[in-house]
Amino acid sequence: MTAGRGDRAAPPAAEGHGEVRFADAASAKGWENLARQARENTYRAWVTMRTAPGPTTETPRHHRLKGSLAHGTHRGQTCEQ
């Protein structure tokens, strides 16, 4: 069975770590495709999202999202993406 909206991206989070959940079925499918193509990098991203979900410092390869992608709404609360 494929993952869908609200499903966890991986096993339950350990104590003190956040859970990574899909916003919709398309993001779940995209995550699965990414995991097939770049397994190690996808795993490292998943670990980072669980252990340090806050904003990180920019690097030459990683930049903050801009425009309408910079923020999202979750349960009525605006959050950085």
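## Confidence and overall layout

The model is predicted, and the chain averages a pLDDT of 80. Of the residues, 83% score at least 70.

The chain holds 2 helices and 2 strands. Read from the N terminus, the order is α-α-β-β. Helix H1 spans 25-37 and helix H2 spans 39-51. Strand E1 covers residues 71-74, and strand E2 covers residues 77-80. The chain has 81 residues, and buried residues make up 14% of them.

## The hairpin

E1 and E2 pair in the antiparallel sense. The pairing runs over 4 bridges. His71 stands opposite Glu80 of E2.

The two strands form a hairpin, with 2 residues between them. Arg75 sits in the turn. Its phi is positive, about 55 degrees.

## The salt bridge

Side chains of opposite charge can pair when their charged atoms come close. A search of the whole structure finds 1 salt bridge. The partners are Glu80 and Arg64, and their closest N and O atoms are 2.5 Å apart. Glu80 belongs to strand E2, while Arg64 lies in the loop between H2 and E1, so the pair ties together parts that are 16 residues apart in sequence.

How exposed are the two partners, by relative accessible area? Glu80 has a value of 49% and is partly exposed. Arg64 is also partly exposed, with a value of 29%. Exposed would require over 50% and buried under 20%, so both residues fall in between.

## The largest pocket

The largest pocket has a volume of about 1900 Å³. It is lined by 39 residues. Closest to its centre are Val20, Met49, Pro53, Glu80 and Gln81.

Which elements give two or more residues to the lining? They are H1, H2, E1 and E2. H2 gives the most, with 6 residues.

By residue class, the lining divides into 14 nonpolar, 17 polar and 8 charged residues.

## Glu80 in summary

Notes: Residues are numbered from 1 along each chain as its sequence is written. Side-chain values use heavy atoms; hydrogens and water are left out. Two strands pair if DSSP finds at least two bridges between them. On a 1 Å grid over the protein atoms alone, a cavity is a set of points where a 1.4 Å probe fits but cannot get out, and a pocket is an open set with protein on both sides within 12 Å along at least five of seven lines; lining residues have an atom within 4 Å of a point. Grid points are joined across faces, edges and corners, and a volume is the space filled by probe spheres set on the points. Ala, Val, Leu, Ile, Met, Phe, Trp, Tyr, Cys and Pro count as nonpolar, Asp, Glu, Lys and Arg as charged, and the others, Gly among them, as polar. A salt bridge is a side-chain nitrogen of Lys or Arg within 4 Å of a carboxyl oxygen of Asp or Glu. Buried means under 20% relative accessible area, exposed over 50%, partly exposed in between (1.4 Å probe, protein chains only). pLDDT is the predictor's confidence in each residue, from 0 to 100.
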